[in-house]
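Please look over the sequence and the structure together before reading on. The report below moves from one region to the next and is meant to be read beside the model.

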Amino acid sequence: MADFQTLRGMVDILPSETWQWQSVETFARHHFERAGINEIRTPLLETTELFNRGIGGSTDVVNKEMYSFVDRGDRSCTLRPEGTASVVRSLIQNGLISQGPQRLWYQGPMFRYERPQAGRQRQFHQLGVEFFGLSSIKSDAELISIAWDLLKQLGLKGITLQVNTLGTLEDRQKYRSQLVSWLEKYSKNFDEHTMNQLKNNPLRILDSKDKNIKKILEGGPMLIDYLCESSKRRFINLQEFLSELDIPFTINPKLVRGLDYYCHTAFEITSGELGSQSTVCGGGRYDGLVQQLGGSATSSIGWAIGMERLLILLANKIPNQNTPDIYLVNKGEKAELEALCLARSLRLANLKVELDNSGSAFSKQFKRASRSHASWALVIGEEEVNKGEVVLKSLIDKENFGSNISINISNIKEIVDIVTS
Ligand code: ATP
Ligand code: MG
């Protein structure tokens, strides 16, 4: 075993995998560009207080999962466990809130001290979108459609959109007291975790995976019955807009985001192929957060996709576009020098060229050429150098497979024309 190993839950992304990440990232970037959404990049490290206030002291993330430490200047710092709090901090700090609606996306590593398992790591990656200053329910529908279309266009099958509404703070306060009275009747059998939730964040109990609790909830009060008229209307409108957009959805009354600043829309996109870690994308409206972090009251909605789970679902569905156009086979002192120059000229002419620097026998180099999945082999040996030529061989075109095209060694344009035609 090697002397040094990654920390538990931290994962290397190896060269055989990075092209899949790049492919999804590039696809997502173009998807967001088409929707007028701009990227924001914030530091990985923030003050611990930002997350205490931004995510909330009663959540598992803040209570158990944060990577926090005191730095050399005696400040408590935390590796970001999610992206939203940092984005909001940045908007307030840089005065962007007053500059009209903001449509932003971010991506990158997040850190949570959780129990690692399939689809759950301690350093993982999220891709997220946040809209600020957009209060209409149409924006919720647009935001959801951007997530849905991204996943669909990437080729995901068997995904489900679940939506719910959390109403306003007043709606939830009315409901919360009813829910707590209902649950208290059964609370003598609750474990410590559920008791804590009952005290601090009873709505979170709604998405409990515990069979007994699910059973207890079945007969209990439902949030939907405590919504005021305008909250109900918003939720109905959301459903109408999603139908208009032809996005299928189911209503899941148990879907909650447990924090006080969440309101109205909550949604998740799940996949049956992910086992117990089934949520690929989660999001909702959080109109109270900007104010809670010291800014002016600002409508806010957003979602985040878990990249690792997305990549598990996409396994083998992404074509590898990082294969070379040309594999440059070369042998012999003069030929190897020519090959070095040729590789450079062809790269400057925008081709992807893999130069074989091994000096091995031609047969070995050809084997490597075929393993590289290059479309063409460009061959140069002593004989070719003496004639001032190179030989182009197609590696993928079945009809012309193996047939040789001789080209003058300085005729870069002809090589480029053939390879790109
Ligand atoms: P879960 O219930 O799966 O823990 P969550 O509610 O903690 O999810 P969010 O904070 O909403 O998740 O994050 C959005 C997405 O990020 C999740 O839907 C998931 O795809 C991904 N995600 C969250 N935590 C992890 C993790 N530890 N490892 C990998 N992906 C994660
Ligand atoms: Mg979690």
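The sections that follow describe selected helices, strands, loops and ligand surroundings in a predicted model.

## Helix α1 and its surroundings

Helix α1 covers residues 15-34, and its 20 residues reach 29 Å from the first C-alpha to the last, which is close to the 28 Å expected at 1.5 Å a residue. Its buried residues are W19, Q20, W21, V24, A28, H31 and F32. An α-helix has 3.6 residues a turn, so residues three or four places apart point the same way.

The cover over the buried residues of α1 includes the strands β5 (102-111), β6 (123-132) and β11 (300-306), together with the helices α5 (137-153) and α11 (307-314). After α1 comes G36, a residue with a positive phi near 65°.

## A three-stranded open sheet

Three strands form an open sheet in the order β2-β4-β3, and their pairing is antiparallel. Strands β2 (45-47) and β3 (67-70) stand at the edges with a single partner strand each, so one side of each has no neighbour in the sheet. From one strand to the next, the twist averages 35°.

The pairing of β2 with strand β4 (residues 76-79) is antiparallel and runs over three bridges, and within it T47 stands opposite C77 of β4. Helix α2 (residues 48-55) packs on this sheet and touches β2, β3 and β4, with a direction that makes about 75° with that of β2.

Strand β14 is largely enclosed by the rest of the structure, because five of its five residues are buried. The cover extends to both faces of β14, with W376, L378 and I380 buried on one side and A377 and V379 buried on the other. In a regular strand the side chains alternate between the two faces of the sheet.

Strand β12 (residues 326-330) pairs with β14 in the parallel sense over five bridges, and here V329 has V379 of β14 as its bridge partner. Strand β14 (residues 376-380) is also joined to β15 by four bridges, in this case with the two strands running antiparallel. In that pairing W376 stands opposite S394 of β15, while the bridge partner of A377 in β15 is K393. Strand β15 (residues 389-394) is itself mostly covered, with five of its six residues buried. It pairs in turn with strand β16 (residues 404-408), antiparallel and over five bridges, and V391 has S406 of β16 as its bridge partner.

## The residue T165

Leaving aside neighbours within four places in sequence, T165 is in contact with L223, L227, F235, H264 and T265.

A polar atom of the T165 side chain lies 3.2 Å from the backbone nitrogen of G167. T165 and G284 are 119 residues apart in sequence, and their C-alpha atoms are 9.0 Å apart in space.

Which of the 13 residues around ligand 1 come nearest? They are R112, E114, R120, Q121 and T279.

Backbone atoms also take part in the polar contacts of ligand 1. A polar backbone atom of Q121 lies 2.9 Å from a nitrogen atom of the ligand. An oxygen atom of ligand 1 is 3.5 Å from a backbone N or O atom of V280, and a backbone N or O atom of G306 lies 3.4 Å from an oxygen atom of the ligand.

## Two loop residues with positive phi

Most residues other than glycine have a negative phi, and most peptide bonds are trans. D246, which is not a glycine, has a positive phi near 65°, and its place is the loop between α9 (229-244) and β8 (250-251). With a relative accessible area of 68%, D246 is exposed.

N350 is likewise not a glycine and has a positive phi of about 85°. N350 lies in the loop between α12 (333-348) and β13 (353-355), and at 69% relative accessibility this residue counts as exposed, because the value is over 50%.

Note on methods: Residues numbered from 1 in each chain as written. Chains lettered and ligands numbered in written order. Predicted model: local features only at pLDDT ≥ 70, side-chain atom pairs only at ≥ 80, totals over all residues. Heavy atoms only, no water. Contact = heavy atoms within 4.5 Å. Polar contact = N/O pair within 3.5 Å; in protein donor to acceptor, adjacent residues only side chain to side chain. Expected span 1.5 Å × (residues − 1). Buried < 20%, exposed > 50% of the residue type's maximum accessible area, 1.4 Å probe, protein only. Pairing = 2+ DSSP bridges. Axes fitted to C-alpha atoms, helices over the stretch in contact; angles between N-to-C directions. Near = heavy atom within 4 Å.
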